[in-house]
Amino acid sequence: MKAIVPWGETRLVQGNEAVALGAIAAGIDFFAGYPITPSTEIAEMLARYLPLKGKKWIQMEDEIASISALIGASLAGAKSMTATSGPGFSLMQEGLGYACMTEVPLVLVNVMRAGPSTGLPTQVSQGDVMQARWGTHGDHPCVVLVPANVRECFDLTVRAFNLSEEFRTPVILLSDEVIGHMRERVTFPQREGVHVLDRPQPVCPVEWYQHYHQTASNVSPMANYGSGYRFHVTGLTHDVHGFPTRKVDEVNAKMSRLKHKITRRLDAFEDVRAHGIKGSRVVIFAYGSVYRSALAAQEILARKRRKVGVFRPVTIWPFPDRTAKEMLDDKDVLIVPELNQGQLIHEVERMTVDSVRVVPLHRVDGYEITPEEIVAKVQEVM
Amino acid sequence: MASRLPDEYRYLRHKKRFPHVWCPGCGIGIVLGSIIRAIDSLGWELNDILMVSGIGCTSRMPVYVDFNTLHTTHGRALAFGTGAKMANPELNVMAVMGDGDALAIGGNHIIHAARRNIDITSIIVNNSNYGMTGGQFSPTTPRGMKTSTTPYGMIEPEFDICGLLAGAGAPFVARGSVYHVMELDGLIRRAFEKKGFSVVEVLSPCPTNFGRANRLGDAVAMMEHLRDSTIPIAQAAKLPPEKTKGKMVRGIFVDRDVPEYTDLYQELCDRVQAEAGA
């Protein structure tokens with residue numbers, strides 16, 4: 001049988017297709033989902049591919065069921081992923097919080113479309129940036145990666161699986177309609193060039209096993225249902241064994257572990273791209289599909305002998321505070337173009353010193369922010 | 001007859017998790033006893049069992065048993081269970097749910113699990129109300145009955161759990177009660193043995209909430225009511241309809257062989273892999 005991932009080859013590939021191929025490269029065992037534009041191609045491609053590999057695929061009755069099935073499968077040892085868009089993402093918040101609380105690895109792909117509500121189903125937005133961070137109730141860890149081209153759809157899907165397995169936490173791949181439906185020439189890596197991580201398994205005797213053992217890294221090995229390690233999982237706040245607790249010290253231990261497993265390892269998540277920051281008084285702070293317009297705007301301005309920098313967080317949550325601060329605190333102006341009415345800009349404002357002027361550029365009508373719009377905004381502030 | 005207590009103990013996390021949360025007179029512990037005796041008689045290994053639940057009094061059950069256990073979000077036990085069963089079809093998966101959990105918030109999941117016919121046993125403890133939140137009406141609260149959210153009496157009609165799930169395609173559907181314990185042991189065992197989506201509705205008293213709101217007497221009176229208000233299916237078949245009016249029928253309503261989902265999925269994989277290899 002031919003390999004599904006075209007290792008080492010060059011192809012014209014769609015963004016959503018690259019996500020599906022990335023999932024296969026990462027070793028996906030289980031996909032559950034519910035059809036929704038503009039993410040459906042991911043489910044469709046995996047429906048074709050996964051049975052060929054003897055892997056599991058199911059279309060559930062709604063998005064709540066999909067993410068719930070994902071958690072059940074992941075606890076039984078399967079690397080699991082789902083794909084959705086805004087309205088489905090809203091429904092998945094319940095399961096997302098459960099997976100954070102119970103420390104179950106899974107990958108959730110949200111191909112953003114314009115909202116609120118049903119909004120503009122076939123058109124682009126970046127309206128789910130804050131929902132990705134705070135959509136589910138309660139304090140919780142959060143990891144969100146944002147691709148800006150088709151190759152990154154592949155690479156970041158693999159990275160999302162790896163991070164979720166390593167840190168026992170859900171990871172969100174926040175794509176958007178433009179990236180998802182765009183076709184680009186992609187040269188795939190060689191198979192041996194793709195690093196794949198699996199969750200660490202316990203090696204202790206079964207009677208010693210603690211499903212939430214306190215380790216130095218705040219992440220403990222994770223047994224699978226059926227492996228002989230029997231354990232309890234609940235969304236109630238729990239002790240190291242997984243049993244419900246209201247004891248103050250145990251509750252605090254759990255909550256700080258959930259936080260610290262991410263915040264004490266920020267280096268593992270941080271991923272930024274910086275172009276021409278040095279010597280630029282003005283920097284465009286952009287992510288996702290808008291980053292493409294930002295790079296184009298930078299080029300147009302360079303031809304006009306205007307130097308601007310472009311700063312892009314690939315991982316938007318956790319927000320790259322330290323690096324962004326180091327690189328951007330001495331700037332005069334940061335322009336933050338977003339396909340929303342201002343979401344990540346609040347993080348930029350929070351992070352930078354008062355001497356930096358932070359200028360928004362919004363668009364919420366379902367169309368991309370063009371390079372020309374960014375150029376105009378730069379000329380306005382320069 | 002010899003006491004079964006030592007056997008039951010072997011299945012419990014008795015050193016760590018007891019005492020349990022259920023009120024005096026609650027029937028859920030009796031259902032747990034029946035589940036354990038059914039498992040014991042089948043000789044299942046603890047490692048091979050996954051008990052999933054949602055939210056509510058019944059859904060607290062998994063914490064007490066030494067299986068693989070999963071206490072999920074409200075209504076979603078079957079969705080979580082579906083994922084686990086697909087990922088590892090060797091697991092014996094059961095979902096324990098209350099009436100509100102299974103049929104109100106979980107209504108969509110249960111009809112589709114039945115239609116899909118995935119090999120999970122659903123045990124639905126029907127106590128006619130939401131016990132954990134203090135006795136609000138559920139989809140199985142009978143018309144006219146009082147609860148904290150129907151202070152003037154329930155005006156909505158109730159779900160017939162067995163009829164609903166038989167209609168949705170479940171290949172095994174049965175109803176028992178916590179008064180008829182030996183019968184319940186057998187029904188649950190039959191449900192476990194069924195390859196496919198099986199359902200056992202268990203009528204159970206909630207003296208703390210539903211009983212008190214409707215002045216149904218104490219726990220013993222409510223148990224006696226279960227004895228007097230239910231009738232075995234074989235007996236009901238022989239009686240004229242006016243004699244069975246107002247009685248709940250106990251027994252097996254559906255027992256048929258239908259291809260099971262994880263088997264069909266495996267067949268699909270085998271077929272497409274053979275075609276791709278050819």
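Contact here takes C-beta atoms, placed from the backbone, that lie within 7 Å of each other. Helices (H or I, at least four residues) and strands (E, at least two) are DSSP runs, numbered from the N terminus. Axes are lines fitted to C-alpha atoms, for helices over the stretch in contact, with angles from 0 to 180 degrees between N-to-C directions. The model is a predicted one, so local features need pLDDT of at least 70 and side-chain atom pairs count only at pLDDT 80 or more, while totals for chains, interfaces and linings use all residues. Residues are numbered from 1 along each chain as its sequence is written, and chains are lettered from A and ligands numbered from 1 in the order in which they are written.

Nine strands make up an open sheet of mixed pairing, in the order 10(A)-2(B)-1(B)-3(B)-4(B)-8(B)-7(B)-10(B)-9(B); two strands pair if DSSP finds at least two bridges between them. Strand 10 of chain A and strand 9 (230-232) of chain B are the edge strands, each pairing on one side only. From one strand to the next, the twist averages 20°.

Further into that order, strand 7 (residues 172-177) and strand 8 (residues 198-203) of chain B run parallel and share six bridges. A174(B) has V200(B) as its bridge partner in strand 8 of chain B, and R175(B) has E201(B).

Strand 10 (residues 232-234) of chain A pairs with strand 2 of chain B in the parallel sense, over three bridges. H232(A) finds its bridge partner in T69(B) of that strand. The contact between the chains takes 36 residues from chain A and 37 residues from chain B. On the chain B side, the elements that give two or more residues are helix 2 (14-17), strand 2 (68-71), helix 4 (77-87), helix 6 (107-116) and helix 13 (261-277). Helix 4 of chain B supplies the largest share, eight residues. By class, this side of chain B has 16 nonpolar, 15 polar and six charged residues; Ala, Val, Leu, Ile, Met, Phe, Trp, Tyr, Cys and Pro count as nonpolar, Asp, Glu, Lys and Arg as charged, and the others, Gly among them, as polar.

As for chain A as a whole, its secondary structure comes to 13 helices and 16 strands. The radius of gyration of chain A is 21 Å, close to the 21 Å that the globule rule gives for 382 residues, so chain A is as compact as a globular protein of that length. That radius is taken over C-alpha atoms, and the rule is 2.2 Å times the number of residues to the power 0.38. Along the principal axes, the C-alpha atoms of chain A fill a box of roughly 70 × 55 × 40 Å. Of its 382 residues, 54% count as buried.

Within chain A, helix 1 (residues 15-26) packs against helix 6 (residues 150-167) at an angle of about 35°, with the axes 7 Å apart. Residues of helix 1 of chain A in this contact include G15(A), A18(A) and G22(A), and those of helix 6 of chain A include F154(A), V158(A) and F161(A). The contact divides into 11 nonpolar, four polar and one charged.

The peptide bond from T37(A) to P38(A) is cis, with omega near 0°, and P38(A) sits in the loop between strand 2 (30-33) and helix 2 (40-49) of chain A. Another cis peptide bond joins W317(A) and P318(A), with omega about -5°. Two serines that are not glycines but have positive phi are S117(A), at about 55°, and S128(B), at about 70°. S117(A) counts as exposed, with 7 C-beta neighbours inside 10 Å, whereas S128(B) counts as buried, with 27.

Key
Two residues are in contact if their C-beta atoms, placed from the backbone, lie within 7 Å. A residue is buried if 20 or more other C-beta atoms lie within 10 Å of its own, exposed if 12 or fewer, and partly exposed in between; C-beta atoms are placed from the backbone.
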